[in-house]
Amino acid sequence: MKHTFDIAVFEGDGIGPEITQPTVEILQKLAGQSDAYELTFKDAPAGAAHYAKTGASLPEASMDIARQSDAILLSAMGLPNVRYDDGTEISPQIDLRKALVLFAGVRPVTIKAGQTTPLNLPAGREVDFVLIRESTEGLFHTQGRGEVTKDEARETLLITRDISEKLFKFAFDLAKTRKSTGRSPGKVTCVDKANVFRAFAFFREMFDAEAAKHPDIAADHAYVDATALWMVQKPWDFDVMVTENMFGDILSDLGAGLMGGLGLAPSADIGLDHAVFQPCHGSAPDIAGQNAANPMAMILSAAMMLDWLGLRYDNPVMVADGVRLREAVETVVAKGAILTRDLGGTASTTQAADAVWGALA
Ligand SMILES: NC(=O)c1ccc[n+]([C@@H]2O[C@H](COP(=O)([O-])OP(=O)(O)OC[C@H]3O[C@@H](n4cnc5c(N)ncnc54)[C@H](O)[C@@H]3O)[C@@H](O)[C@H]2O)c1
Ligand SMILES: CC(C)[C@H](C(=O)O)[C@@H](O)C(=O)O
């Protein structure tokens, strides 16, 4: 059982530092409550502001810190007014996903009793599914290398057997874990556009091959357009969904909207050797520097990190602390007394984070 874990911290741009600081403090206090594990944190400079200052968006020294760490905590990176010459934004989080082969973008969507949602959920209904977004290829394959002439622009979608097989194995393993903990009945849905594109027929074929190895887990398919509809009409029907990079990027923001906003949407980008934990939202420059950002998505991402490390290194106390931290956020959200502006409240970032710690202690 491993005891000390090195965490690389990318505090990023905009609201990044404001939500990183209380999250790291909570993690330090949690670890300090037991002898089961210790966490050390190392800052890794990167992002749009760093690029504007130094010309490097993801310096090699920060990549080294990431590679040598046990897990990576990242807030958000990018600023709309800082761009490369080709007109696209600085997005080191994508570079990290590609460099560390973090193929599984895990984006949970949960709506618990008491949580505000734009959905008109039937009484007693809760929502609990996980969207897995492939995060290294798909339509992001030619990112930064698309061909643009005066009259045409082209980007290429790439689906590989190597990554797809790893992705589908990950999805079925996750469905098994969820089923074994009683959290779900055990189902994986492949979300694609196999009615139109050969690439997605190929994607689906590999999904079916993996599904055949797991007779204990139900498997089905859904087209991405219908999935957007069903996520609104009957989101409780989903358990684990797995999809291509761009489809997952878009559907995960829809999922965040169902949960009441980006401020409650955590994520993890997981590979075979590394993992990055970061909220789904961006750097929110419109509210940066005001102590007004919602820290919950970042704290929930930190809870996912504890869970991942605990399972990977056989440390049950870390897994339990991950659950405690997630439940503390759920308690604060369900009570509704201390919420940030995005959730209809007036609390500051600091007050919201303190409330989570209060619910834990
Ligand atoms: N994973 C990432 O690092 C990531 C994700 C999305 C966008 N971005 C980058 O962030 C910048 C801003 O992008 P955007 O405006 O499209 O998306 P955004 O997620 O930053 O903001 C969208 C809206 O949600 C609000 N919001 C987001 N997070 C919030 C929080 N924690 N608390 C309260 N409100 C919150 C913002 O104030 C804004 O109104 C861009 O440079 C973009 O490229 C980064
Ligand atoms: C900001 C952007 C580069 C990023 C992505 O496309 O992956 C974001 O939308 C996300 O969902 O993490």
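What you see is a predicted model, in which local features need pLDDT of at least 70, side-chain atom pairs count only at pLDDT 80 or more, and totals for chains, interfaces and linings use all residues. Residues are numbered from 1 along each chain as its sequence is written, while chains are lettered from A and ligands numbered from 1 in the order in which they are written.

Now step back and look at the overall form. The C-alpha atoms fill a box of roughly 50 × 50 × 45 Å along the principal axes. A compact globule of 361 residues would have a radius of gyration near 21 Å, and the 20 Å of this protein agrees with that. Here the radius is taken over C-alpha atoms, and the globule rule is 2.2 Å times the number of residues to the power 0.38.

Next, turn to the domains, whose bounds come from an automatic or database domain assignment. Domain 1 covers 1-115 + 262-361, and domain 2 covers 118-146 + 155-258. Where do they meet? On one side, 22 residues of domain 1 are in contact with 25 residues of domain 2; contact means that the C-beta atoms of two residues, placed from the backbone, lie within 7 Å. Strand 4 gives the largest share of the side of domain 1 that touches domain 2, with eight residues. That side divides into 13 nonpolar, three polar and six charged residues. In this count Ala, Val, Leu, Ile, Met, Phe, Trp, Tyr, Cys and Pro are nonpolar, Asp, Glu, Lys and Arg are charged, and the others, Gly among them, are polar.

What lies inside? The largest nonpolar core has 104 residues, and Ala171 and Ile299 have the most contacts inside it. Such a core is a set of buried Ala, Val, Leu, Ile, Met, Phe, Trp, Tyr and Cys residues joined through C-beta atoms within 7 Å; buried means that 20 or more other C-beta atoms, placed from the backbone, lie within 10 Å of a residue's own. Helix 9 (residues 296-312) gives the most to this core, 12 residues.

Finally, find ligand 1. Of the 23 residues around it, Ala76, Gly78, His281, Gly282 and Asn294 come nearest, a residue being near if its C-beta atom, placed from the backbone, lies within 6 Å.

Conventions. A residue is buried if 20 or more other C-beta atoms lie within 10 Å of its own, exposed if 12 or fewer, and partly exposed in between; C-beta atoms are placed from the backbone. Helices (H or I, at least four residues) and strands (E, at least two) are DSSP runs, numbered from the N terminus.
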